[in-house]
Amino acid sequence: MFHTVRYNKNIPLFHRLKASFLLLVVICSMFIMPANAQTTAEFGYQLHPEKLLENTVGTLQIFVTSNEMMVPRSINDLKVISSDNSIIQVIGIQENNNEYTKNVQIKAIKPGITNIALAAPGFASKEITLQVFNNNNYPTQILMKITPDNFPIDGPRFGYATVELATTGGLPTIAPEDITIHVETPNKDIINIRNQELLIKKGEYFATTEFDLGNPGDAIIFASAENMKKVSQFVHISKPMEPLTVQLFVIPEKFSSYSGGTGYAIVELLDGNNEPVKADKDIHLKLGVQNPDVGINTSSDFEEIQFSNKELIIKKGMYSAYTTFTPRPNLGEFTTDTEQTFNMFISTDDYLTNGHSFTVSHDEIGALEGEGPSVTTALPFLTTGEKELIAVTYFETSVEVSRKTGSSTLGTTERETASVTVPVMAKQDYEINFASSESDSVNPINPIMKKGENVVLVFGNTGTVAPDEAVEFYITDNEGVKTMTGTPVGPTKSTISLQAEPLVPMILAGSEFPVIAYLSDGGGGTTDTGTTGGDPRSGATPFIEDSVLTLSANDFVDAEPEVIKRNQPYILFNLLAKEVGEGQLSFQAGQFEGNMAVTSHTTDPAEIHLAFAKNLLANTESLATIQLLDSAGNPVYAKKDVLIKIVSNDESVLKIPTEVTIKKGEYFNTFKLESKNEGIVELALLSEDLPLSKYDINIVDVSPVISLDLLGGMNWNERIEAKLSVAIPEIETSLDGFNVEWTTDGGKILDMKNVTNSDGVATLNILANDKDTVTVTATVSGNGLSSSTVSKTAQILNVPIGETSAETKQGFMIDSSNIIYIGIPAAIGVALFILKRTERLDAITEKLGIADKLNIGEKFEELKEKISGIRNR
């Protein structure tokens, strides 16, 4: 609410106008916000050393940042608090020479992670997370590796479990004394661990045991030792695609009740793809035959088909079993049919079954003898690398017989001629020549048909790989060469690769470590649950040929060639890691090649690490710390004095020490960086027995934006305030601590500030009492920024006549308009504009009683055009 101001009519118009505008300035300040409101400053930090060991003291360097740049601004009344004094304690805060960084001394008490809170006036509080590392190289934990950890249904039936000693930092380390590791599993039906107590002897760092596979499923293996945390790993044993079916094969399918022929009843366990699969337990079976006419004879002692063994067992790890059978010799006497069909079936638990039918003719013909011809029926078989049943060969032929038709003419029974297939008995022992188109998959063993027999099983020595195309069998008998297609099941060469991997979880440099190599079938298919994804037959598979495993030349490890035998499941050998680091090893075994990535570790110093602030300002000092790390990146003490040479690619930009020494029993060294000019400097750190380390340090030199304003009435013998403001757009915060050098021409200096305050402002007050113009010049420098100069001149009003030059008297006439143009600072002009736009100006001038004198409404546009020119005179 405005109050009415009454003026004495005797007061000159000039003084009334002056008082009115001063009141306007006060009123406008109520509506105008500061033009350069600053954002809250943010803390930045750098820990020295960057990785802190327990029971050591470090330095937490605190500074101001904006846009990831270090800001040269002082931090007053900094508070630093640790959220867990049992991990990190704050010792004290030290000032740095550059006055805008604080060095907080902290002590690491024990390993762990804690937060450090930072707060100071004018700053947004911040919480940073710091970690303290363990310096104990004594074994404190167990590492374990299972190889392989995923087993296919047709692969090797055993694997390896290796336990290893490691430090708290996860690095391999040798046993200071004999240490016993207990290995166990609750899943004893899935795996069987051969040795459940492993001894890691003094000076060694690992031990290995084997385990055997049982039923399909997932098993867990635990490893534990005194004062060490128990660890575990899983093993997966694939199960076949379901449903599993026991399939019966009856060979041959044609018999005569008067010829005495023999047949084979063969059972195989097949998966959901009708491919053979090994049994994970003994499967007990019973064979039976369904009587086509139970009314013929109901005696329980009467058996139409006679078996050599009606009860069969597919043993665990096998997929087939067989027996022989013969039709009852006088079976035709118990039926009036000339031919009967019998259904042979299987009885068992937990599996589906499929039977097989065969026929018996009852024509009264005797047994036939001869040299053939032969007929062969192929069976599905696995390429296991062992002898497998691959087919059945039998002798049979077709004969013409005369059969009664059941009608008669003139007392004579009518007959008809029929072709009947009957067995042929071997006249003597015959060796049947059996050959294969793919000897790598199967090499048949020539069967011998014994004298007086009509059927023989055919076995073959299988490889461990199936052909990409079908295998052809060539059988030679008395009729010549016959061809038939075999059905091997196994991995194919196109999907096999050579795999090699360490048995240990981590490799200790300078020591031997065990490696396992094997072939792996990676063919896609259906999972053991029947869903698309991976074939349960994919995984480790035996070697398919005799070969030699060789390692290509390299500087990382030494190895000797290893001999591999066909059907060997794995090859184990030792390698010596000669140095710390990473390497890619190339292996070859026969036609297969493979690679193995290896990384060796050590608890000795393995690398040099440099910690420094991300961006440095030119012409400033900062801290940098060199520390030693092991191969896993953990801080480690020097076991001897380590001399590190520091080489810069541009000494004109950054001043550094040429070398530093980390003494025995220490793990870091902190030194100063003195930046000189802008640029990017590459520092190279070199030391004997350690790899070269290189770091790029970015040094920034930015010029501040300087503004200078002259404030006051600009009247003779009155105070003029020069206000200097410093800002850097790149960092968005005002800056303090800049040095300001003032020079003036005209007037008397009353007081001045030579350093910018927390708002980036420095001021100078001057009394205008000797010239009709006053010139103020300010040069700003310091804080690593380039110097900048700004200057302004003001025309002094109301200079006494005796003090004014003739040129001034003649060239400058004062009227009410000129008083407005000269006496109003830029801020008042802005205020008038705002009040005019908000329709408040007329009300204020009315209440002041000067509206008719000023006539501001008519002159406002003219005022805006002239203010700028007069202010810059």
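The secondary structure of the protein chain, in this predicted model, comes to 7 helices and 66 strands. Of its 873 residues, 47% count as buried. Among contacts in the chain with a separation of 6 or more, 63% join residues 24 or more positions apart.

**Confidence**

- The protein chain has a mean pLDDT of 82, and 81% of its residues reach 70 or more.
- Residues 1-11 stay under 50 in pLDDT, and the model gives this stretch 12 contacts beyond four places in sequence.
- The pLDDT is also below 50 over residues 13-38, a stretch with 37 contacts in the model beyond near neighbours in sequence.
- Where pLDDT is low, the predicted coordinates should not be read in detail.

**Nonpolar cores**

- The largest nonpolar core comprises 54 residues, and Leu724 and Trp742 have the most contacts inside it.
- Beyond its neighbours within four places in sequence, Leu724 is in contact with Trp742 itself, and also with Ile706, Ser707, Leu708, Val740, Gly760, Val761, Ala762, Ala778, Val780 and Val790.

**An open four-stranded sheet**

- Four strands form an open sheet in the order E10-E12-E16-E14, and their pairing is antiparallel.
- Strand E10 (141-147) and strand E14 (191-193) stand at the edges; each has a single partner strand, so one side of each is left without a neighbour in the sheet.
- On average, neighbouring strands of this sheet are turned by 25° against each other, direction ignored.
- The antiparallel pairing of E10 with strand E12 (residues 158-166) runs over 7 bridges.
- Lys145 stands opposite Thr162, a residue of E12.
- In general, strands of a sheet pair through backbone hydrogen bonds, in either a parallel or an antiparallel manner.

- Ser374 lies in strand E30, which covers residues 374-378.
- Because its relative accessible area is 3%, under the 20% cut-off, Ser374 counts as buried.
- The side chain of Ser374 is joined to that of Asp477 by a polar contact of 2.7 Å.
- Not counting residues up to four places away in sequence, Ser374 touches Asp477 as well as Thr393, Tyr394, Phe395, Ile475 and Lys482.

Definitions and conventions. Residues are numbered from 1 along each chain as its sequence is written. This is a predicted model: local features need pLDDT of at least 70, side-chain atom pairs count only at pLDDT 80 or more; totals for chains, interfaces and linings use all residues. Side-chain values use heavy atoms; hydrogens and water are left out. A nonpolar core is a set of buried Ala, Val, Leu, Ile, Met, Phe, Trp, Tyr and Cys residues joined through side-chain atoms within 4.5 Å. Buried means under 20% relative accessible area, exposed over 50%, partly exposed in between (1.4 Å probe, protein chains only). Contact means heavy atoms within 4.5 Å. pLDDT is the predictor's confidence in each residue, from 0 to 100. Helices (H or I, at least four residues) and strands (E, at least two) are DSSP runs, numbered from the N terminus. A polar contact is a pair of N or O atoms within 3.5 Å; within protein, one must be able to donate a hydrogen and the other to accept it, and residues adjacent in sequence count only if both atoms are side-chain atoms. Two strands pair if DSSP finds at least two bridges between them. Axes are lines fitted to C-alpha atoms, for helices over the stretch in contact, and angles run from 0 to 180 degrees between N-to-C directions.
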